[in-house]
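Me: Please take me through this structure by question and answer, giving the cut-off behind each term as it comes up.

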Amino acid sequence: MAETDQADQSGRAGRGKVSGPLVVIVLFSGALLLWGIVFLVGLRQRASDRADVAAQGSADSAVTPDEVRTWMKALPEKWVKVSLVEGQGYVLYVPCYSSNSSLDLRTGQDSLPGLACEYCDSLDNYSVKSILHTRNDSVWEMRLDPPAGRLRILPVNDTLLKNFPEAPFKDKILVWTRERGGGKIDSMLFVPKSQETEFETLRAEDENPEGCGGSDPD
């Protein structure tokens, strides 16, 4: 009887175990399925990007990280913000307790292509998912992740200079337009850093008779 009980216990123990090869197969199958889902989602996103480009008409597009990185390397890497101040025109404006905004295009191989905007907003790093380049007017439009309005790089031509007759713009300008609360539109205008000497620097503390009111309140 004791031998029979021992045999029954051994049988139950054997039925409760899962073989090592079976565990490996299950885990591998799960990983393969997950990879397949990610791959299909990526294909759908690229197809969606290219469909958006086709809807724009005569245009070229970059939708993979390598394509986007290559296109971005053809653009100025560093940009500085210029602000329109009444009576002063476009200047490099330095607010109290802060600095003028600047923007860098990131094209390193160790991360996704993107941009970093210092003193621009609470969120200052974005990935560039795709770029649209229209052939008729040579405008570059970047699609950001997370979404943050519309970022375009425009060529400085006669048409643009007619809209900004007093601004010493050359070659290219970068326009970043975003919606704010209450339906307000916020636009930031940047020029390549190599052109910052074309603009005067205006400090808020110099415009205010009382300066910036002492030390930084923060």
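Me: Which residue in strand 11 does V94 stand opposite?

Reply: The model is a predicted one, in which local features need pLDDT of at least 70 and side-chain atom pairs count only at pLDDT 80 or more, while totals for chains, interfaces and linings use all residues. Residues are numbered from 1 along each chain as its sequence is written, and side-chain values use heavy atoms, with hydrogens and water left out. Strand 3 and strand 11 (residues 201-203) run parallel and are joined by 3 bridges, where two strands pair if DSSP finds at least two bridges between them, and strands are DSSP runs (E, at least two residues; helices are H or I, at least four), numbered from the N terminus. In strand 11, the residue opposite V94 is R203.

Me: Which residue in the turn between strand 2 and strand 3 has a positive phi?

Reply: Strand 2 (residues 78-85) and strand 3 (residues 89-94) run antiparallel, joined by 3 bridges, and L84 stands opposite Y90. The two strands form a hairpin with 3 residues between them, and the turn residue with a positive phi, of about 85°, is G87.

Me: Is L105 buried or exposed?

Reply: L105 is found in strand 4 and touches, among others beyond four places in sequence, M72, W79, L115 and M142, a contact being heavy atoms within 4.5 Å. On the scale used, buried means under 20% relative accessible area, exposed over 50% and partly exposed in between, with a 1.4 Å probe and protein chains only. With a relative accessible area of 4%, L105 is therefore buried.

Me: How many residues does the largest nonpolar core have?

Reply: A nonpolar core is a set of buried Ala, Val, Leu, Ile, Met, Phe, Trp, Tyr and Cys residues joined through side-chain atoms within 4.5 Å. The elements giving two or more residues to the largest one include helix 3 (65-73) and strand 4 (102-106), and apart from it lies another core, of 14 residues. L103, L115, M142, L144 and W176 have the most contacts inside the largest core, whose residues number 23.

Me: How many residues apart in sequence are the parts that the pair C96 and C212 ties together?

Reply: C96 and C212 form a disulfide with sulfur atoms 2.0 Å apart, the criterion being a pair of cysteine sulfur atoms within 2.5 Å. The torsion about their S-S bond is about -85°, so this disulfide is left-handed. Because C96 lies in the loop between strand 3 and strand 4 and C212 in the segment after helix 5 (204-207), the separation in sequence is 116 residues.
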